[in-house]
Amino acid sequence: MSAGTLQRARATAEPPPPRRSWPRRVLRRLGGLALVLVFLGVAVVGIGWARTPPVDDAAARVAAHLAEQGAPPLRVEPAPAFVQALLATEDTGFTSHLGVSPTGAVRAFWGLVSGTDQGGSTLVQQLAKNVYLGGENGPVQKAEAVVLALKLDAAYSKDELLRMYLDNGYYGHGFVGLTAATQGYFGVPPDQLSWAQATLLAGLFAAPTAYDPLVSPALAGQRQAHVLGRLVDEGVLGRDEAAEIAADDWGLVTS
């Protein structure tokens, strides 16, 4: 038997190497895709960081907006009930994220790629949109808001960001800023809101004109119920407590 024949015989006798199972192949491909998306995301953020403006004037911009509207700035700490209601409804991760939630960043990136609005903005992204992007909410502006939110979170404390957000917000019925809203709706400063007032007011951010309690009290009540449900889900309130608050009078003073 020749050497070549012996080698061929040994090769035939040896079992073939095991094939990779299809789940492994899929996972490898998904891992590669994820890596590509990470690189693309980093590139988009890098380009966006260079293209978007600095944010050291954010507080000045908010103050100028209030002055233009003839609205008073926030000078007291808002009632804890209002802050809890707002965060439970609009941004549960506000105190821990870097201005953008991971899922929100993915949605913004996909919105830029697909040309659709994917939603999911944090409070800081909303602040960036209103202060620097003129309220525009298209896919490109969504991506820019992500970068601006990262800049804002790096430059300001959470308390400062929340104060700017509350001062810059529109609360319906012509009220700009939290102070004007609490005085206009209830005749009280922001630190004296009841739970009923706080949960009503926190619900206005989604659609302040539609949920205006002086114009559409039924819709405002439905939105308040949603806010109370979120507070129950987050463990801030019990169901019985939420039911009692829902039954309380809002104490509206403006007609």
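Trainee: Does Leu-252 count as buried, partly exposed or exposed, and at what relative accessibility?

Mentor: First, the basis: this is a predicted model, where local features need pLDDT of at least 70 and side-chain atom pairs count only at pLDDT 80 or more, while totals for chains, interfaces and linings use all residues. Residues are numbered from 1 along each chain as its sequence is written, and side-chain values use heavy atoms, with hydrogens and water left out. Buried means under 20% relative accessible area, exposed means over 50%, and partly exposed is in between, with a 1.4 Å probe and protein chains only. Leu-252 has 30% relative accessibility, so Leu-252 counts as partly exposed.

Trainee: Which residues does Leu-252 touch, not counting those up to four places away in sequence?

Mentor: A contact means heavy atoms within 4.5 Å. On that basis Leu-252 touches Tyr-185, Phe-186, Leu-200, Pro-213 and Leu-214. Pro-213 is 39 residues from Leu-252 along the chain, and their C-alpha atoms are separated by 8.4 Å.

Trainee: How many aromatic pairs are there?

Mentor: A pair of aromatic rings is described by the distance of the centres and the angle of the planes. Rings of Phe, Tyr and Trp (its six-membered ring) pair if their centres lie within 6.5 Å; planes under 30 degrees apart count as stacked, over 60 as edge-to-face and the rest as tilted. The count comes to 4 aromatic pairs by this rule. One of them is Tyr-165 with Phe-205, stacked at 5.3 Å centre to centre with 25 degrees between the planes. Tyr-165 is buried at a relative accessible area of 6%, and Phe-205 counts as buried at 15%.

Trainee: Why is the pair of Phe-175 and Tyr-185 edge-to-face?

Mentor: The planes of Phe-175 and Tyr-185 are at 80 degrees and the ring centres are 4.8 Å apart, so the pair is edge-to-face. Phe-175 is buried, with a relative accessible area of 13%; Tyr-185 counts as buried at 1%.

Trainee: Which residues have the most contacts inside the largest nonpolar core?

Mentor: In soluble globular proteins, nonpolar side chains tend to be buried together. A nonpolar core is a set of buried Ala, Val, Leu, Ile, Met, Phe, Trp, Tyr and Cys residues joined through side-chain atoms within 4.5 Å. The largest one has 56 residues, and those with the most contacts inside it are Phe-82, Leu-86, Leu-152, Leu-166, Tyr-171 and Leu-201. Tyr-171 also belongs to a cluster that ring pairs form with Tyr-165 and Phe-205.
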